Amino acid sequence: MVEVEKLRFSYPEGGYCLDIPELKLEGGRATAIVGPSGCGKTTLLHLIAGIKRPGHGRILVMNKELCSLSEADVRAFRVQNIGLIFQEFELLDYLNVLDNILLPYRISRALKLDGGVKQRAGALVDEVGLGDKLKRPVRQLSQGERQRVAICRALLAKPSLILADEPTGNLDVENTDKVLEILFKYVEESGATLVSVTHERHLLDRFDRCVDFSTLLEGGKV
Ligand SMILES: Nc1ncnc2c1ncn2[C@@H]1O[C@H](COP(=O)(O)OP(=O)(O)OP(=O)(O)O)[C@@H](O)[C@H]1O
């Protein structure tokens, strides 16, 4: 699903260089990425998603090298194939639950908003327990509820790859469990691949595999 080879990336401001000799993430599996603060976990997710482009080396996602595509084609590929989930949710506060979930369909021509999509959005919202809050602005939701909205938005287009950056980092134990259940259920039922950064070591046994950044950077084959 994801193949990284001889990857090197630095920010233009300097001071940091990510150097990953090799990494393969198999399809249909849930991988946790762990490592100390500032080691480059978020940067790696952004590179895999095509949000950032590598300075050297290759990243293949579903056999496609995103950095060889135009910005518009990368964006289209991303909204069609990759579900992104962040710790800070990245929701629009003034929009209600349903409009936040449908937002990618409203801003990207690569996705077609039709009755089937709206029906699926409703089903997802019911599944995550927010069916009675569809029309409520997300600023009036709890942290756990906001993250569940973000997950519905990420799953709506049925992505083959989910990239999650500490998706439960701001949540209490009960909401962490809920959010993970939703993600793992989707992965199990759809055969999608999950790659999730986490600081929560006690969650690691829920994943099929754990990639430790320290091993990656030392050039270990993982
Ligand atoms: N826009 C930027 N410009 C310059 N340097 C940056 C930028 N964003 C991040 N960095 C630096 O790149 C390094 C990796 O950052 P990154 O956010 O990927 O780490 P991380 O492993 O996800 O950290 P954390 O666990 O704290 O979220 C850090 O040293 C950080 O200071």
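Two strands pair if DSSP finds at least two bridges between them. Keep that in mind, and select S6 and S7: they pair in the parallel sense over five bridges. Helices (H or I, at least four residues) and strands (E, at least two) are DSSP runs, numbered from the N terminus. You're looking at a predicted model, where local features need pLDDT of at least 70, side-chain atom pairs count only at pLDDT 80 or more, and totals for chains, interfaces and linings use all residues. Residues are numbered from 1 along each chain as its sequence is written.

**Stay with S6 for a moment**

Click Ile 82, and you'll find it opposite Leu 161 in S7. Now colour all of S6, residues 82-86. Four of its five residues are buried, so the strand is largely enclosed by the rest of the structure. A residue is buried if 20 or more other C-beta atoms lie within 10 Å of its own, exposed if 12 or fewer, and partly exposed in between, with C-beta atoms placed from the backbone.

**Zoom out**

Show the whole protein chain: there are seven helices and nine strands. The C-alpha trace spans about 50 × 40 × 35 Å along its principal axes. With 222 residues, a compact globule would have a radius of gyration near 17 Å, and the protein chain agrees, at 17 Å. (That radius is taken over C-alpha atoms; the globule rule is 2.2 Å times the number of residues to the power 0.38.) Buried residues make up 36% of the 222.

In soluble globular proteins, nonpolar side chains tend to be buried together. Here, the largest nonpolar core has 57 residues, and those touching the most other members are Ile 48, Val 149, Ile 151, Cys 152, Ile 162, Leu 163 and Leu 183. Helix H5 (residues 143-155) gives the most to this core, with six residues. A nonpolar core is a set of buried Ala, Val, Leu, Ile, Met, Phe, Trp, Tyr and Cys residues joined through C-beta atoms within 7 Å.

Which residues does Ile 162 touch, not counting those up to four places away in sequence? Select Gly 83, Ile 85, Ala 154, Leu 183, Ala 192 and Leu 194 to see them.

**The open sheet**

Next, pick out four strands that form an open sheet in the order S2-S1-S4-S5, with antiparallel pairing. S2 and S5 are the edge strands, each pairing on one side only. S1 (residues 2-10) and S2 (residues 17-25) share eight bridges, and Val 4 has Leu 23 in S2 as its bridge partner. Six residues sit between these strands in their hairpin, where Gly 14 takes a positive phi near 80°.

Select Asn 63, in the loop between S4 (56-61) and S5 (64-65). Asn 63 isn't a glycine, yet its phi is positive, about 65°. Is Asn 63 buried or exposed? Exposed: 7 other C-beta atoms lie within 10 Å of Asn 63.

Then jump to Glu 166, in the loop between S7 (161-165) and helix H6 (173-190). Glu 166 also isn't a glycine and has a positive phi, of about 45°. Glu 166 is partly exposed, with 19 other C-beta atoms within 10 Å.

**Last stop: the ligand**

Finish by selecting the residues around the ligand, among them Tyr 11, Glu 13, Gly 38, Lys 41 and Thr 42. A residue counts as near if its C-beta atom, placed from the backbone, lies within 6 Å of the molecule.

Note on methods. Two residues are in contact if their C-beta atoms, placed from the backbone, lie within 7 Å.
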